[in-house]
Amino acid sequence: MVETTHRGWNSRGYLPHFDAAGVYQAITYRLADSLPQEALERIEREIDSLPPDERTSERRRRCDAWLDRGVGACHLRDERIASIVRDGWQHFDQERYQLCEWVIMPNHVHVLIRERPGFPLAQVVDSWKSWTGRKANQALGRSGAFWQADYWDRFIRDERHYCDTVAYIHDNPVKAGLARSPNDWPWSSAAPRAAQRAALPGGTPCDDLPDAAPRAAQRAALPGKTPCDAGCEPGSAALRAALSSSWPAGLEPLGGSLADAFGADAAGDLLAALARPRRPAFRANLLRATAAEVQAACAAAGIRCDPLPLAPWAFATDAAGEAALKRSPLMAEGRIYLQSPTSQLAALLADPRPGLPWLDACAAPGGKTGVLAMLAGAATPGLALERARVRYELLRHNLARQGCAQVGARCCDARHPDPALRRRRFARILVDAPCAGSGTIDPGEARTFAHLAGRYDGYIAIKAEQQYGIVLAAADLLAGDGVLTYCTCSLDPAENEALVAAVLAARPELACTPFPALPPLPTPRRAAALRWCGHDLPPEVAHALRLDPGPGGEGFFVARLARRG
């Protein structure tokens, strides 16, 4: 009987796996003779002294390096065999799965797909290996195992992970010394996919297409320039040129946008701030333990635990402490949650209170949701929404671990609530919007901004459309005297002040209001931008909180919206 049920979270004895319809999966499998048993045993001996949480990634890295040496018969060098493998993937494309990216190496393959309902991952991979193995053996006049029995898979968490995975797949022939560029390797999706991306700049299969209505409303709010048109007036082109020598390649549009809003010197200061190491932080989860109990447990385990002035439940540690916390019972039992101070602050400023129903409109992975639940109390119901299925399952996992039994979770796009949800009203709404994450990047680590480099303007356009739609839909769910808190971990005014200005223009009944009180801030505050891309923004946008990145946390933006009067 053919298995048609997706397995959800599961394990094949090592890494946890996630199998569900709609999930993007990166898969690797190899020829039977490509990694000798003695090589595997040597790798295991070499990584045995590493901490358990580092062994999996190091094992993977070393196995990949061994495969790239081209060990074994390397049957996939034969064009006949490579064609069989490629045709096997393409045969059921769009029927059993969506074939996204792929590469065929001499002794192994990498393929990225999106799962479809009714076709579990194990069934898909087994069908590939069975059919291609049989056809390859016939073509080669051989018998016996063609593929190694197991395979490696990893579900794609988000857009950044997707972009990193695509780059890894396409760069594999270059890294192995088989080609000068990804497009030069004939057995790869790099060339055709590059052409498709050129036709649709800024898009990936993880992104939604922009809606026309929000774009029109934004243009009305800011004539001639919208938050989606991330960039500066023509006269500021010189600013971008001046920044090009200091900002990493591909991030010049961000530098130009910041220079336009705050001046070239400030843009340089922000670049320097992004490069400063950020100290690991965590919080006590008051639904599971008191702050004093967490401190005592850390002291007993020899884990550094320094109280932060942000809140009684906020703490900082060091790199060794962070690694120890990840492996500790404190983490496993949900008594603590690793979370930056600026992220904790954003949820704190949403002002959750006992007795006031609340909504987290973009909730995964669940850190801010946990703060809302913790401060509103176990007796106050909350609702957490998440659009992406994988992130929704991660949200549910984290809420259960934190003991947030009072929180309902839905896999739902906040821009399109169902009729039952549209009838509900919430006193507190948090929109921690999906964003470019420019407040979290490290200019010295290209992987932290690989999702932005070379496609920044298009990426910002898509995110601003999403943000705008989410905030407008969430505002419809706001109780009469309720408060909507909008936040991003982005530095760009396109996703922050200009986005708020566009919302205020579309919903004149809303105001950007001061925060009643601010706790000690973890990073320096910068005045909000009131002029950007040649347009003056509403003076009330000055009430928003803009935090620079620094050792105390990422760059963050938080605005408080409420009805006027």
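Select arginine 96 and phenylalanine 92: the arginine lies over the face of the ring, at 3.5 Å from the ring centre. A charge sits over a ring if NZ of Lys or CZ of Arg is within 6 Å of the ring centre and within 35 degrees of the ring normal. Next, select arginine 526, whose charged end sits over the ring of phenylalanine 262, 5.7 Å from its centre.

This is a predicted model, in which local features need pLDDT of at least 70, side-chain atom pairs count only at pLDDT 80 or more, and totals for chains, interfaces and linings use all residues. Residues are numbered from 1 along each chain as its sequence is written, and side-chain values use heavy atoms, leaving out hydrogens and water.

Turn now to the aromatic rings. Rings of Phe, Tyr and Trp (its six-membered ring) pair if their centres lie within 6.5 Å; planes under 30 degrees apart count as stacked, over 60 as edge-to-face and the rest as tilted. By this rule there are eight aromatic pairs. Select tyrosine 29 and tryptophan 128: their ring centres are 6.3 Å apart and their planes at 25°, so the pair is stacked. Tyrosine 29 is buried (under 20% relative accessible area; exposed is over 50%, partly exposed in between, with a 1.4 Å probe and protein chains only), at 2% relative accessibility. Tryptophan 128 is also buried, at 4%.

Then select phenylalanine 282 and phenylalanine 315, a stacked pair with centres 5.5 Å apart and planes at 25°. Phenylalanine 282 is buried at 0% relative accessibility, and phenylalanine 315 at 1%.

Finally, select Tyr29, Trp89, Tyr97, Trp102, Trp128, Phe146 and Trp147, which ring pairs link into a cluster.
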